[in-house]
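Subject: Structure for you to look at

Hello,

Here is the structure we talked about. Please open it and keep it beside this email while you read.

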Amino acid sequence: MDSLKKHGFEVHYKPGLSREELLSIVENYNILVFRGRLKIDRGVIDRGANLKVLARYGIGLDNVDVEHAVKRGIAVVNAPSASAISVAELTIALMLTVYRRLYDFIHSVKCGEWSKGKHLGRELHGKKLGVIGFGRIGSRVAYYAKAFGMDIMVYDIRDVSEEVSKLGGVQVDLERLLSGADVVTLHVPLTPLTWHMINDKTLSMMRDGTVLVNTSRGEVIDTDALLKHVDRLGGVALDVLEQEPPKDEKIWRLVKHPNVVVTPHIGAETVEAMDRIADELVKNILEAVNWL
Ligand code: NAD
């Protein structure tokens, strides 16, 4: 907000707007900067008669009707690179949390129990990591995992085999990745192709004991199917859910399952990522404004 003000914009801060409130004020604005799960759909876009730029504070544009906005001559910008480091670091932290059962140990000690000997953890070293989506975040996770001594397998719709081979890894098809990996980590955008990409059929391809980590979008995993397979997996770590915050009983059942660790969508919630997102977004807004 400070940076936009310095560039001469009049900025109004409206946290926690409901859809109805947004619909009632959107026509007063040329630029809409938004974060979270607020849907910027056709209804909002059509009501915004004076909109010139839609700016997502973050990466995911899955809650924006980009096609309709562009048809209406509205630029859509985001900050695609700014949070990759933070999300990749959280992904590694979640893998370690599951492999070393950190949640159980930390929680039990806090509850007054000296729980040494309760479980044996496992090392990441020498395990096979399956990275689904080798973009900004997935490639960084693979790079960090390599430093932990993991073997890298990648599935992506693009040919990324050359980049993957630089890490000593291989690009494989989805079935080979899911059946061969010790840890599967998801880094695809939410699209019609990736919606419920992890479903009963694909979960069945994973061996017992496989660890599943999702820091991408909740809807990439079919919650019902995951609930069916969760007991035989080696652990599940989720930063994202099909419903955030959880309300439905089945989502709570997943969150509270002893084999599941959940963080409340904090992938990009670091001081550094927030600063970088702001810088990248303001730059992209300025470019869009000059371009329009
Ligand atoms: P990116 O666009 O850089 O990379 C995505 C990769 O997925 C690309 O390599 C693309 O080719 C591949 N891909 C797309 N569709 C595919 C498909 N059907 N099958 C296989 N591969 C496919 O994206 P990114 O910046 O690395 O972000 C990855 C995910 O992380 C997104 O879902 C984003 O919304 C999410 N994210 C989460 C947080 C968080 O707080 N947890 C923060 C930022 C981003």
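The model is predicted, so local features are described at a pLDDT of at least 70 and side-chain atom pairs at pLDDT 80 or more, while totals for chains, interfaces and linings use all residues. Residues are numbered from 1 along each chain as its sequence is written, and side-chain values use heavy atoms, with hydrogens and water left out.

Helix α7

Helices (H or I, at least four residues) and strands (E, at least two) are DSSP runs numbered from the N terminus. Helix α7 covers residues 136-147, 12 residues in total, and spans 17 Å from its first C-alpha to its last. That is close to the 16 Å expected at 1.5 Å a residue, where the expected span is 1.5 Å times one less than the number of residues.

Which residues of α7 are buried? They are Ile137, Gly138, Val141, Ala142, Tyr144 and Ala145. These residues lie on the same side of α7 because they cover an arc of only 165° around the axis. Buried means under 20% relative accessible area, exposed means over 50%, and partly exposed is in between (1.4 Å probe, protein chains only). The arc is taken from the directions from the helix axis to the C-beta atoms. An α-helix has 3.6 residues a turn, so residues three or four places apart point the same way.

Tyr143 and Ala147 are exposed on the other side of α7. The buried residues of α7 pack against α5 (84-99), β4 (128-132), β5 (151-155) and β7 (183-186); contact here means heavy atoms within 4.5 Å. Just after α7, Gly149 has a positive phi of about 85°.

Helix α12

In α12 (residues 249-256), the buried residues are Ile251, Leu254 and Val255. Their arc around the axis is only 100°, which puts them on the same side of α12. Glu249 and Lys256 are exposed on the face turned away from that buried side. The cover over the buried residues of α12 includes α11, β9 (235-238) and β10 (260-262).

The ligand

The ligand is surrounded by 25 residues, and the closest are Arg136, Ile137, Asp156, Arg158 and Val188. A residue counts as near if one of its heavy atoms lies within 4 Å. A backbone N or O atom of Gly267 lies 3.3 Å from an oxygen atom of the ligand, and a polar side-chain atom of Arg217 lies 3.4 Å from a ligand oxygen atom. For Thr215, a backbone N or O atom is 3.0 Å from a nitrogen atom of the ligand. Taken alone, the ligand exposes 870 Å², and the protein buries 90% of that (Shrake-Rupley method, 1.4 Å probe).

Loop residues

Thr215 sits in the loop between β8 (211-214) and α11 (223-229). Is Thr215 buried or exposed? Thr215 counts as buried because its relative accessible area is 7%. The side chains of Thr215 and Thr91 make a polar contact at 3.1 Å (a pair of N or O atoms within 3.5 Å; within protein, one must be able to donate a hydrogen and the other to accept it, and residues adjacent in sequence count only if both atoms are side-chain atoms).

Ser83 is in the loop between β3 (75-77) and α5, and is buried, with a relative accessible area of 4%. Asn28, in the loop between α2 (19-25) and β1 (31-34), counts as exposed at 55% relative accessibility.

Regards
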